[in-house]
Amino acid sequence: MYLVMELQTLADGSVAMPPVNTFENWQEAEARYHSILSVAAVSALPMHTAMIVTGDGMTVRSEHYEHGEAAT
């Protein structure tokens, strides 16, 4: 089982987490992961993250985009 998570860091520093997506198939999980990252790349949020985690809690992939003055 793969869990695909999205973390959205807001301007005030708080973090929002939309509902977690669960997949049995790696390809479907990876497709959802890249879908989140395609939005994150152009997001107005200070930080926008996508993660794939296994059912037992191991992080498989994680990437984020930082936007604004602190972004490099």
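**Exercise 1. Determine whether Tyr2 is buried, partly exposed or exposed.**

Solution. Tyr2 has a relative accessible area of 22%. Buried means under 20% relative accessible area, exposed means over 50%, and partly exposed lies in between, with a 1.4 Å probe and protein chains only. Tyr2 is therefore partly exposed.

The model is predicted: local features need pLDDT of at least 70, side-chain atom pairs count only at pLDDT 80 or more, and totals for chains, interfaces and linings use all residues. Residues are numbered from 1 along each chain as its sequence is written, and side-chain values use heavy atoms, with hydrogens and water left out.

**Exercise 2. Find the aromatic pair of the structure and classify its geometry.**

Solution. Step one: rings of Phe, Tyr and Trp (its six-membered ring) pair if their centres lie within 6.5 Å; planes under 30 degrees apart count as stacked, over 60 as edge-to-face and the rest as tilted. Step two: the structure holds one such pair. Step three: the ring centres of Tyr2 and Trp26 are 5.2 Å apart and the planes stand at 65°, so this pair is edge-to-face. Step four: Tyr2 belongs to strand β1 and Trp26 to helix α1 (residues 26-40), so the pair ties together parts 24 residues apart in sequence. Helices (H or I, at least four residues) and strands (E, at least two) are DSSP runs, numbered from the N terminus. Trp26 is partly exposed, at 24% relative accessibility.

**Exercise 3. Describe the surroundings of Ser62.**

Solution. Start with the strand: Ser62 is in β5 (residues 59-66). Strand β5 pairs with β4 in the antiparallel sense over seven bridges, and Ile52 has Arg61 as its partner in β5. Next, the contacts (heavy atoms within 4.5 Å): leaving aside residues up to four places away in sequence, Ser62 touches Tyr33, Thr49, Ala50 and Met51. Last, Ser62 is partly exposed, with a relative accessible area of 43%.

Technical notes
Pairing = 2+ DSSP bridges.
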